[in-house]
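Work through the exercises below with the sequence and the 3D view open. Try each task before reading its solution.

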Amino acid sequence: MASERPVSSEMLKGTLDMMILRTLVVGDAHGHTIAKVIERSSEDVLEVEQGSLYPALHRLENRGWVKSYWGTSENNRKAKFYRLTTVGGGS
C-alpha cells in the first residue's frame, strides 16, 4: 500500500488557478460567480473561500492570464469582473 504524501500549498494554488481559468473559458465572471461555479462543478466537495479566491485572481492577473474590469452584477451592484486574456487561454 502506497503512503499518502501531504498536498503542498503550491499544488493547491495551482489547482485553484486552473479551476478559475477553466471557469473563465465560458465567459467573464465576478468572484462570487467563479466560486459558485467551482463549488457546483465539484458537486460541493470544494468550498472556495474569499481568502483563497481573490489572492488567486490577483496572482493570475499579475501573470497576465486574466484581466479585470468593473461592471454591474446581476443584482445591480458594482462588481469586479474577470476575463481571460489571450495569454491565459482566451480568444
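The exercises cover aromatic rings, charges over rings, a helix pair and a loop residue.

The model is predicted, so local features need pLDDT of at least 70 and side-chain atom pairs count only at pLDDT 80 or more, while totals for chains, interfaces and linings use all residues. Residues are numbered from 1 along each chain as its sequence is written, and side-chain values use heavy atoms, with hydrogens and water left out.

**Exercise 1.** Find the aromatic pair and classify it.

Solution.
- Step 1. Rings of Phe, Tyr and Trp (its six-membered ring) pair if their centres lie within 6.5 Å. A search of the whole structure gives 1 aromatic pair.
- Step 2. The ring centres of Tyr 69 and Phe 81 are 5.7 Å apart and the planes are at 15 degrees, so the pair is stacked. (Planes under 30 degrees apart count as stacked, over 60 as edge-to-face and the rest as tilted.)
- Step 3. Tyr 69 is in strand β2 (residues 66-72) and Phe 81 in strand β3 (residues 78-84), 12 residues apart. Strands (E, at least two residues) and helices (H or I, at least four) are DSSP runs, numbered from the N terminus.
- Step 4. Phe 81 is buried at a relative accessible area of 12%, whereas Tyr 69 is partly exposed at 28%. (Buried means under 20%, exposed over 50%, partly exposed in between, with a 1.4 Å probe and protein chains only.)

**Exercise 2.** Which charged ends sit over the rings of Trp 65 and Trp 70?

Solution.
- Step 1. The criterion is NZ of Lys or CZ of Arg within 6 Å of the ring centre and within 35 degrees of the ring normal.
- Step 2. Arg 63 has its charged end over Trp 65, 5.2 Å from the ring centre.
- Step 3. Lys 78 has its charged end over Trp 70, 5.0 Å from the ring centre.

**Exercise 3.** Describe how helices α2 and α3 pack.

Solution.
- Step 1. Helix α2 (residues 31-41) and helix α3 (residues 50-62) have axes 11 Å apart, at an angle of about 110 degrees. Axes are lines fitted to C-alpha atoms, for helices over the stretch in contact, and angles run from 0 to 180 degrees between N-to-C directions.
- Step 2. The two helices, α2 and α3, are therefore roughly perpendicular (65 to 115 degrees; under 35 is roughly parallel, over 145 roughly antiparallel, the rest oblique).
- Step 3. Gly 31, His 32, Ile 34 and Ala 35 of α2 meet Leu 53, Tyr 54 and Leu 57 of α3, where contact means heavy atoms within 4.5 Å.

**Exercise 4.** Where is Asn 76 found, and is Asn 76 buried or exposed?

Solution.
- Step 1. Asn 76 is in the loop between β2 and β3.
- Step 2. Its relative accessibility is 69%, so Asn 76 counts as exposed.
- Step 3. Asn 76 has a positive phi of about 65 degrees, although it is not a glycine.
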